[in-house]
Each structure stands twice: as C-alpha cells, then as structure tokens.
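Keep the sequence and the 3D view side by side as you read.

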Amino acid sequence: MSSDDRTLLRGFRDGFEWESVERLPYKEAGEAPFKAISRQVLFSDPALECELRYFEMQPSGFSTLERHEHAHGVMILRGHGSCLVGQEVRKVKPFDLVSIPAWTWHQFRATAKEPLGFLCMVNARRDKPQLPSEDELRMLKSDARVAAFLGGSGGA
Ligand code: MN
C-alpha cells in the first residue's frame, strides 16, 4: 500500500501517471504469461473494501488470461484494444465499462498502434488468479473468435 493513499489530492501527470503513485511491473516476472504491461495502485486504503488500479499495456501488449473468484469493474481510460470476457470478444475504447464476473476467463489486448490503459476496481481481499489448463485453453479456442483473439491480433 502506498503511504500517500489518503492524501486529499494527488495530481494527474503527463504520461498517465499520478503524483506519489509508483509505476510497478504488472506481475512478478515468470509468474504468468503477459506482455508489456505496467500497474499503478491508485487507491489501497484499509478504510476501503476495494482497490483501484491503473493498468497500461504498450502497443500489442496483453494482460494474463486468467480467472478467479473475485470480480472486476473496469473502465478504459486510453487507447483502443479488445477484451475477452468468458466466450465474448469485444472491442474497447476510452470510457467503456467492462464487467468481469466471478470465475470468468478474461484478458485485455492493446492494438498494435497505441497503448491501452484502464482502471480496474477489485476487492481488497481476494483469491489468487488461476491460469487455464491445456484442456481449458483448447475449449476456449474451439470458438473461432476467441481463437483469433488469443492468437494476438489485438482487435485492431
Ligand atoms: Mn483478473
């Protein structure tokens, strides 16, 4: 948790950064497959039951394909790309809202042209994400649109 979470105002800066907020690696290297993505924890105050994070992927970057018991509420803030939620593949643009229910496979991909950044609201106390098994991946890819998405086209 940042010690500055309860500061009344932390200014927005050029480059999608905020005062007193560190830009961190998305996950520990080698923990799960992902590409060119950073994490900034905007709110992680024990007085709140949730956290708000800002994730940003570079062009052609993507988040980990995962699922877990906790849900996510996502708002796209910059760039264009696509997301997988369950068996649905959708294009996303700034200020779109994406709901990710419990135990639903999800992944975000930036287009090749620009970074994709989004806010992600999540429970402060939450379970660890699961990665798909070979069988689960095969099942997901049985849908042609999902297979194309996971192939890395980025939905440009
Ligand atoms: Mn997740």
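Which residues of the largest nonpolar core touch the most other members? Among its 16 residues, they are Met57, Val74, Ile76, Val98, Phe108, Leu116 and Phe118. A nonpolar core here is a set of buried Ala, Val, Leu, Ile, Met, Phe, Trp, Tyr and Cys residues joined through side-chain atoms within 4.5 Å. Buried means under 20% relative accessible area, exposed over 50%, and partly exposed in between, with a 1.4 Å probe and protein chains only. At least two residues of this core come from each of β5 (50-62), β6 (72-78), β7 (81-85), β9 (97-100), β10 (106-110) and β11 (116-123). The top contributor is β11, with three residues. A separate core has eight residues, including Leu65, Val89, Trp105 and Val146. In soluble globular proteins, nonpolar side chains tend to be buried together.

A word on the source: this is a predicted model, in which local features need pLDDT of at least 70 and side-chain atom pairs count only at pLDDT 80 or more, while totals for chains, interfaces and linings use all residues. Residues are numbered from 1 along each chain as its sequence is written, and side-chain values use heavy atoms, with hydrogens and water left out.

Stepping back to the whole fold, the protein chain has two helices and eleven strands, and along the sequence the pattern reads β-β-β-β-β-β-β-β-β-β-β-α-α. These are DSSP runs numbered from the N terminus: helices are H or I with at least four residues, strands E with at least two. Of the 156 residues, 42% count as buried.

Now for the metal. The manganese ion has as protein donors Glu66 (OE), His68 (NE2), His72 (NE2) and His106 (NE2), at 2.0 to 2.3 Å. Donors are N, O and S atoms within 2.8 Å of the metal (3.2 Å for Na, K and Ca); water is not among the atoms, so sites may look incomplete. Along the chain, the donors follow the spacing E-x1-H-x3-H-x33-H. Glu66 is buried because its relative accessibility is 7%, and His68 is buried too, at 2%.

Finally, look at the charges over rings, where NZ of Lys or CZ of Arg is within 6 Å of the ring centre and within 35 degrees of the ring normal. Arg10 lies over the face of Phe43, 5.0 Å from the ring centre. The charged end of Arg109 sits over the ring of Phe62, at 4.4 Å from its centre.
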